[in-house]
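Please read them with the structure open.

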Amino acid sequence: MFLPQGPKTPPLVQLLQWIANPFALMESCAQRYGDWFTLKVGLNYRPLVYVSSPQLLQEILTNDHYKQFDAPGEINGIFAPLLGDFGVIMQSGDRHRRQRQLMVPPFHGDRMKAYGEIITEIAKQVTSQWNPNQPFSVRDSMQAISFNVILQAVFGLREGERYRQIEKLLYNMLELTNSPLKASLLFFPFLQRDLGAWSPWGNFLRQKQQLDRLLHAEIEARRANPDPGRTDILSLLMAARDEAGEPMKDEELRDELMTLLVAGHETTATALTWALYWIHKLPEVRQKLLAELDILGDTPDQNAIVRLPYLNAICSETLRIYPVGMLTFPRVVRSPVTLLGQQLEPGTVLVGSIYLAHQRQDLYPEPKQFKPERFLERQFSPYEYLPFGGGVRRCIGAAFALFEMKLVLATILSNLELSLANNRPVHPVRRGLVSAPTKVEMVMTGRRIEGDKRDKGEGGDKGDKEAIPATSY
Ligand code: HEM
């Protein structure tokens, strides 16, 4: 069976490299082998073919509707310990399509826009806890924002004891896989042994069981008090019936909730952390953004914010340079197919390397430089720029994540003066199954004065500081 070339090192070494420094491994392989290469880093060292050229990505992602290629759920087993076996990520074929149809609408159009005010309000609330001149962890704050936002979208509520417990447990669980070493738990099934509450896997399982109980309790509470007026995702999923008229089972509902909670908040929080870092690392980026925001006046309309070209370019460049999702989910060859003159046999597993596609010198000159202008100067095809993947598994929350990023950044930048707390280098590292920056700390140095904003043009944001009381807004 043909497989593109790849390193000759033992599979275990490849897997350890993939866990420890996925960016370096992908880059060195791309340099050596070009647009596609094979790494034996799948579950049980299964070979995965990494592809990064727009032509190959297009070929695969436009034909992944179960004929030439497929995007089966079973192959995403690495997510199962975290997300369960019944959520959309683990589904295949028709069932996958049906689940998606149910889940997509709340994250788009007017349904999504209804969350705009809430997002802004949550951003204000979280940032009001920043004390002047005291360093804070950007990730913790962004995570608090995105978690509350996703709870609101999924459950339609964000208060009460159960929500606080869910937040705490989810945070603890994700922390248990947040470094390359800890993430090994997910990659090596033999480490997944319950040796009691103090063992890493035992601890993980106990947190997960507690979380499952809370999610079940929420589902039961909804059943006991049905409210047809509710439009959140849990209500929608509970009301849905399949072709046989059957509702979703409790395990299915629970795993879908877990999927949305995990996929919807870690990723967006990471993207926001990177965006704030770049904006404050590069003064000219911040100045251009402020000039654009200030034109909107003191109470900007959310539709106007969403359409701002430079803000959009900043979000796009943030998701280009170090994409949170480094890879697409795997796609599997179903019928023999010829790519780059080579026939691939059924069963061959391919992954799109979003990171390598975004680092192509031919598309993105000086790819390691943060340059939002790229996105103002040209349009990229969905196979040149794909932070949310593509095809049948394209991210359900793509529009929602961008909407949230823009509103949160606009809220923070329009009102607060921030700066990086230190000059420590920041670089991307593995965080569980996705990537994230190393620690970013910032300090709030002042509050932007309302009247000042309107008069300012590019570069004119100096001296507009005012000491801020512990509780701003
Ligand atoms: C900046 C934020 C985000 C990034 C970078 C991101 C990235 C991705 C990527 C790369 C994929 C795989 C696509 C493929 O295989 O082709 C994906 C899938 C998915 N994302 Fe996101 N995502 C983000 C936010 C969200 C949000 C906010 C939600 C939901 C609230 C979400 C829910 C999902 C789900 C459910 C899938 C699986 C879809 C399926 O299996 O059909 N994501 N995302």
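1. Asn133 is exposed, at a relative accessible area of 54%. The model is a predicted one, and in it Asn133 sits in the loop that runs between α7 (116-127) and β4 (136-137). Its phi is positive, about 60°, although Asn133 is not a glycine.

2. Tyr45 is another residue to check for its backbone. Here too phi is positive, at about 60°, and Tyr45 is not a glycine. The residue belongs to the loop between β1 (36-39) and β2 (48-51). With a relative accessibility of 33%, Tyr45 counts as partly exposed, whereas Asn133 is exposed.

3. The ligand contains an iron atom, and the protein supplies a single donor to that atom: SG of Cys395, at 2.2 Å. Cys395 is located in the loop between α18 (374-377) and α19 (398-415). Cys395 is also listed among the closest residues around the ligand, together with His96, Arg100, Phe329 and Arg393.

4. Which residues place an N or O atom at 2.7 Å, 2.9 Å or 3.0 Å from an oxygen atom of the ligand? The side chain of Arg393 has an N or O atom 2.7 Å from a ligand oxygen. For the side chain of Arg331, the corresponding distance is 2.9 Å. Gly390 takes part through its backbone, with an N or O atom 3.0 Å from an oxygen of the ligand. As for the elements around the ligand, those that contribute two or more residues to the shell are α5 (93-103) and α13 (250-281).

5. The shell around the ligand consists of 28 residues. By class, 17 of the shell residues are nonpolar, eight are polar and three are charged. Helix α13 makes the largest contribution to this shell, six residues.

6. Tyr322 is found in the loop between α16 (309-321) and β5 (331-333). Is this residue buried or exposed? Tyr322 has a relative accessible area of 11%, under the 20% limit, and is therefore buried. Leaving out residues up to four places away in sequence, Tyr322 touches Phe23, Trp274, Trp278, Tyr355, Lys368, Pro428 and Ser435. His280 lies 42 residues from Tyr322 in sequence, and the C-alpha atoms of the two are 17 Å apart.

7. Gln207 is part of helix α11 (residues 200-224). The relative accessibility of Gln207 is 13%, so this residue counts as buried. What does Gln207 contact, apart from neighbours within four places in sequence? The partners are Leu169, Asn172, Met173 and Leu176.

8. Helix α1 (residues 11-20) has four buried positions to look at: Gln14, Leu15, Trp18 and Ile19. Why do they fall on the same side of α1? They do so because the arc they cover around the axis is only 135°.

9. At the iron, look at SG of Cys395, the single protein donor. At the ligand oxygens, look at the side chains of Arg393 and Arg331 and the backbone of Gly390. For the backbone angles, look at Tyr45 and Asn133, which both have a positive phi without being glycines.

How values were computed. Residues numbered from 1 in each chain as written. Predicted model: local features only at pLDDT ≥ 70, side-chain atom pairs only at ≥ 80, totals over all residues. Heavy atoms only, no water. Buried < 20%, exposed > 50% of the residue type's maximum accessible area, 1.4 Å probe, protein only. Arc of directions from axis to C-beta. Near = heavy atom within 4 Å. Polar contact = N/O pair within 3.5 Å; in protein donor to acceptor, adjacent residues only side chain to side chain. Nonpolar A, V, L, I, M, F, W, Y, C, P; charged D, E, K, R; others polar. Donors = N, O, S within 2.8 Å, 3.2 Å for Na, K, Ca; no water. Contact = heavy atoms within 4.5 Å.
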